[in-house]
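The exercises below are meant to be worked through with the sequence and the 3D view side by side. Try each task before reading its solution.

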Amino acid sequence: MTAELEQLLSQLTQPDNAVIQQATAQLKQAFKDPAIIPALCAVMSGSQNPQIRQSAAVMLRLRVKKHWKKISPDDRESLKAVVLQAFMQETEHTVQHSLSQLCAVMVKHETPDRWPALLQLLNQSTKSTNPHDRQVGLLLLNKVIESNPEPFKPHYCQLLQLFSSVLQDHNNPAALYYCILTLTAITAYTGTDEMKQMQNVTPSLIVALKHLIKADQVQACEAMEVFIELMEIEVSIIVPHVSDIVCFCLEVSSDKTLSESLRVKALSCITFLIKLKSKTVLKLKLLNPILQAVFPILTAAPPPGEQDPDDEDEEDSSDSDNPKHCAAQLIDTMALHMPPEKLFHHLIPLTQACLTSENTYEKKGGLLCLAVLAEGCADHIRTKMLSSVLQTVCQSLSDSNQVVRGAALFALGQFSEHLQPEISKYCSELMPLLLGYISSLNEAKVGHVTKAFYALENFMENLGADIEPYLPTLMETMLSALNSTENLKIKELVVSAIGAIANAAKELLVPFFPPVIESLKGFLTATTEEMRPLQSQSLDTLSVLARTIGKDVFSPLAAECIRLGLNLTDAIDDPDLRRCTYSLYSAVSTVCPETLTPHLPAITTVMLLALKSNEGIMAHLEEDKTFVLLDDDDDDEEEEEGKDSEDFLENESETDVPDAAGFSVENAFIDEKEDACDALGEIAFSTGVAFQPFLESSFQQVFELKDFPHEDVRRAALEAMGQFCRAQHKVWTENPSEVNQQALQKLLDIVVPCLVETVRTERERQVVMGVLETMNNVIKSCKEETFRNPSFLKEISDVIRDVLKKKTACQDGGIDDDDEDQQAEYDAMLQEFAGEGIPLLVSSVPADKFTPFLNDLLPFIINKAKSSCTVAERSFSMGAIAEILQALVSVQGGRGAAGRLSNRLLPVLVAGVRDSDSEVRNNAVFGLGCLAQAAGPIIISDYPMMLSVFSNLLTKESDPKVLDNLCAALCRMIMGNVDAVPLEQVVPALVKHLPLKEDQEENKTVFTCLALLHRHSPALLLKLMKPIVAAAGHAAGHKEVDEETRSTLGALMRELAQKHAADFQAAVSCLPAEQQAKLLSSS
């Protein structure tokens, strides 16, 4: 059989398809013969052709991997001996490589200790005095350990001694390479015993990498992954060597003679370190050296005659894998993970020097730097330097060089996205500037047009009603561009911009809806491949219109939208297009859930298939795929009875790749899974009872993705799980039954521990923020039902405390945390998400149950009210305290709890009222009002002091929102204890500041209080009839006033009309006609 097999393997290498097909068919037959194993062994050892030897090794590996249990014990022992013998006598590197992979798969089944000959060979070869033998031994060691790191754990100390000596072998780069890869593979499994040895190896590692760079930059680039692995798995190993690693990486990244991929890898290592250990970087004073090295990379001019990838006019210029892009990413990471004060101290002088330079690429670098700071340092820029940076960016928009203008557009887009709401106040300057710029563009320069639309779209999206004056011009520009341009990319940009306009304009867009829909229809039904991106964007914009244009306008199209989506996914196999249909279904469910109901079986089927699918996920295999297919086909023909459950489980768990890091996933499939999770969650909530038949299967599939390798999918899965809880709660409240309540409890019992555990252990901060928000939404919806499980109150309180103490996996807390007052804005934001859960807990359980936990948590909130904290932190602290007190107003035992807290909270809130920032004052005023309402008579002795504080503020305050909250706070004091307030002085002062100017929600408080006063002191209200009726007229006609407030206000007006008819009519007659009509209709 050996000769015949060698002949068949030889035919597989022929350039003739017919010959290959015939050989494949014959091989399939041969593989059914048990003698195939010895025959492959013979070919692998004895063939004169290295390509055939390699093919035999690959086939054996695939056979062993899938069918080890079916190989007889004698053949197994024989195979173990033959493969080692073949390895020792082999001279061709490619065959050695395949043989070492075969050994790796065998070790998976046999474990190292049951194969002593392998350990003996490894020991001899890696310590050989012959450099080639050492290199080959290290190759074998690398493959068997990479595939099975854990079984070798007892040998780690011995291995580390070996690595220590191999890393000195600077003249054998291949040995260095395999040594470093093996070190990388064991890092995740090292324990405290090996820690000291690993630390001692690190300096040698840096020197070895320097030598490897000289010999082989591709291998050096792969080997540098060891730093990422050490940082991610066991950062404490490298902490003593951080300075050396950073200096080495800066040296590599700054060397223009090295390959771009190597320089990118070096910058990535520093970026990763900053993400994980920013405080160590600051403590070791590495910030300035890093910036000094990174800025020349950020501002470097491209080679003569070339452009930076992001400045090219092609549509798809990829710019993610070059040093300049990575330098910007590194600064972006600093902004996200370092205190702005410390970062800006070093960064601003460098940035200013660039912005005032005459050099085009230095100007560009300065603008890029400002752009990437916007997300992580948003509060700092918004409160301290917005006007000046905006001026710089706007001036750069008129620069003579398109490169500078492109960078300015990118910066403006970033500012518009992250510096809200302050940047929208510059609408009257920025909108004409952007519109003028768009109208002057050359559409041939698609790359630049894309940047201009990015800036315009991000700015418009957040304008809200302020977009109204620009709507006619904007829509005329967009619709005209759609009709006049032939360029599909520009059509796509315009369609996207229309979505952004809709997000801001909402119902104001109704007059333009018919021509927009008419334009979209042509794109939505396209069938050609080149139209696909425009088609997908049209679906996205249609989804935005569904959510924003109003139910009356959109309802007639709802059913047609669902049919369109289902027809598209039936006809076209494209993950991007499917993803957009999920968003469309989700949007329609929020407007017309009933339209979706008949189609839920089809819609959920498509989405669950997307969640299950492994499409787009590729294992990193190095062999010829022919052999993989051959083996799979052979496997399909195996007799079923051979596959018992044990075999099935074994096969399921086997893979060539040790963990998720060995897979790459196409972004389109990641996005599809993420959007499918988001859509299923929202559809479940919107359609309620109709979704019940699909809830369990959807939940199971989403639950499977909670540990998915990509963080966006993990976040979306966990958020969807929260949505399913809210959906089930809604079903139970609308259809109260024991079955529905049990279903809710079953979900909560799975989801709550899962969310809590994720907050503790998840390394990605964005995921934790999403999960905290999800947990808050579940508590807000399910209230006391969340806490039927008696352990949940403690578990959630404890995890909130852990976040506030910076004790979770995604927080860089611990030994170097000596500067509490300064932290990255996103770290503070994470704590805010946790803090927002406290008032929700307060409102969900009786006060005495939560008081012990509240006493534990409050110091962390109060601590952020200190004057040395940032404005955002002080504002959060006052807001959280206020919401806690507001929650106590309506819970059992709340009054006593508020009274007991008053001594701790009153001084904090009074100090907040005197803060320099209006948002902090606003929240503090609101908090004092809530304290008075919650504690009532218990704090009667504090009323004079509180009234004095408010009286002083009334005379000085100019911010309309603070004044609105001051009026509401006085009302809360009156409602808390009407007899403790000198009404003759307070009520006229309060009424004088009506109507409310900005915070319309507080009208409910004001008119509830006025109704109480009418019953308590009607004569006082009669004196103030005219301004009260005027305030009511204003509120009745205001679109932001809700129905409940209108009802409260109407009831008061009816009382006044009945009891004081003449005075009431006289007051009403003074109002404008429109307000009279609104007021009379509400009363």
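**Exercise 1.** Leaving aside its neighbours within four places in sequence, with which residues is Asp311 in contact (heavy atoms within 4.5 Å)?

*Solution.* Asp311 is in contact with Tyr361, Lys364, Val403 and Lys451 once those neighbours are set aside. Then turn to Lys451, which is 140 residues from Asp311 along the chain, while the C-alpha atoms of the two are separated by 9.8 Å. Finally, Asp311 has a relative accessibility of 7% and therefore counts as buried, a word that stands for under 20% relative accessible area, with exposed meaning over 50% and partly exposed in between (1.4 Å probe, protein chains only).

Before going on, note that this is a predicted model, in which local features need pLDDT of at least 70 and side-chain atom pairs count only at pLDDT 80 or more, whereas totals for chains, interfaces and linings use all residues. Residues are numbered from 1 along each chain as its sequence is written, and side-chain values use heavy atoms, with hydrogens and water left out.

**Exercise 2.** What span should the twelve residues of helix α16 have, and which residues of α16 are buried?

*Solution.* The expected span is 1.5 Å times one less than the number of residues, so helix α16 (residues 287-298) should span 16 Å, and this agrees with its end C-alpha atoms, which are 16 Å apart. The buried residues in α16 are Leu287, Ile290, Leu291, Ala293, Val294, Phe295, Ile297 and Leu298. These buried residues pack against several helices, among them α14, α15 (260-283) and α17 (323-337).

**Exercise 3.** How many aromatic pairs does the structure hold, and what is the geometry of the pair Phe227 and Phe248?

*Solution.* Rings of Phe, Tyr and Trp (its six-membered ring) pair if their centres lie within 6.5 Å, and planes under 30 degrees apart count as stacked, over 60 as edge-to-face and the rest as tilted. The structure holds eight such pairs. In one of them, the ring centres of Phe227 and Phe248 are 6.1 Å apart and the planes stand at 70 degrees, so this pair is edge-to-face. Because Phe227 belongs to helix α13 (residues 225-238) and Phe248 to helix α14 (residues 242-254), the pair ties together parts that are 21 residues apart in sequence. Both Phe227 and Phe248 are buried.

For Phe850 and Phe853 the centres are 6.1 Å apart and the planes are at 35 degrees, so the pair is tilted. Both residues lie in helix α43 (residues 847-863), three residues apart, which is about one turn of the helix.

**Exercise 4.** How many helices and strands does the chain have?

*Solution.* The secondary structure comes to 55 helices and two strands. Buried residues make up 57% of the 1083 residues, and the C-alpha trace spans about 115 × 70 × 60 Å along its principal axes.

Notes:
Helix = DSSP H or I, 4+ residues; strand = E, 2+ residues; numbered from the N terminus. Contact = heavy atoms within 4.5 Å.
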